[in-house]
Amino acid sequence: MKVRVDPERCQGHTLCAMRAPDIFELSEIDGHSSVIKEEVSDDQQDEAVEAVRSCPERAIFIS
Ligand code: F3S
């Protein structure tokens, strides 16, 4: 599974990083999210899906 954040959509709600702190990190400058590692391990897939569901801007995509 791969995960990415659309920087145009992200508004810095932080929920993704709270749900999955090993997958997402927040910018200290603007609070926007980016992925730490694009490829998500099998044991982190549930966290990634939770993060997708938590984002009110629908800024996270998994494939
Ligand atoms: Fe951004 Fe959504 Fe996370 S708005 S900080 S990707 S919860």
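Student: By class, which residues does the shell around the ligand have?
Tutor: Let's set up the classes before counting. Ala, Val, Leu, Ile, Met, Phe, Trp, Tyr, Cys and Pro count as nonpolar, Asp, Glu, Lys and Arg as charged, and the others, Gly among them, as polar. Sorted that way, the shell around the ligand has seven nonpolar, seven polar and one charged residues.

Student: What kind of model is this, and how are residues numbered?
Tutor: This is a predicted model: local features need pLDDT of at least 70, side-chain atom pairs count only at pLDDT 80 or more, and totals for chains, interfaces and linings use all residues. As for numbering, residues in each chain are counted along its sequence as written, starting from 1.

Student: What pLDDT does the protein chain average?
Tutor: The pLDDT is the predictor's confidence in each residue, from 0 to 100. In the protein chain, 100% of the residues score at least 70, and the average pLDDT is 96.

Student: Which residues come nearest to the ligand?
Tutor: Here a residue is near a molecule or strand if its C-beta atom, placed from the backbone, lies within 6 Å of it. There are 15 residues around the ligand, and those that come nearest are Cys 10, Leu 15, Cys 16, Ser 33 and Cys 55.

Student: Which pattern does the protein chain follow along the sequence?
Tutor: Helices (H or I, at least four residues) and strands (E, at least two) are DSSP runs, numbered from the N terminus. The protein chain has two helices and four strands. Read along the sequence, they follow the pattern β-α-β-β-α-β.

Student: Why does the radius of gyration of the protein chain agree with a compact globule?
Tutor: The radius is taken over C-alpha atoms, and the globule rule is 2.2 Å times the number of residues to the power 0.38. For 63 residues the rule gives a value near 11 Å, so there is agreement with the radius of gyration of the protein chain, 10 Å.

Student: Is Thr 14 partly exposed or buried, and why?
Tutor: Thr 14 sits in the loop between strand S1 (3-5) and helix H1 (15-19). A residue is buried if 20 or more other C-beta atoms lie within 10 Å of its own, exposed if 12 or fewer, and partly exposed in between, with C-beta atoms placed from the backbone. Because Thr 14 has 15 such atoms within 10 Å, it is partly exposed.

Student: Which residues does Gly 31 contact, leaving aside neighbours within four places in sequence?
Tutor: Gly 31 lies in the loop between strand S2 (24-26) and strand S3 (33-35). Two residues are in contact if their C-beta atoms, placed from the backbone, lie within 7 Å. With those neighbours left aside, the contacts of Gly 31 are Gly 12, Thr 14 and Leu 26.

Student: What is the phi of Arg 58?
Tutor: Arg 58 belongs to the loop between H2 and strand S4 (60-62). Arg 58 is exposed, because it has 10 other C-beta atoms within 10 Å. Although Arg 58 is not a glycine, its phi is positive, at about 50 degrees.
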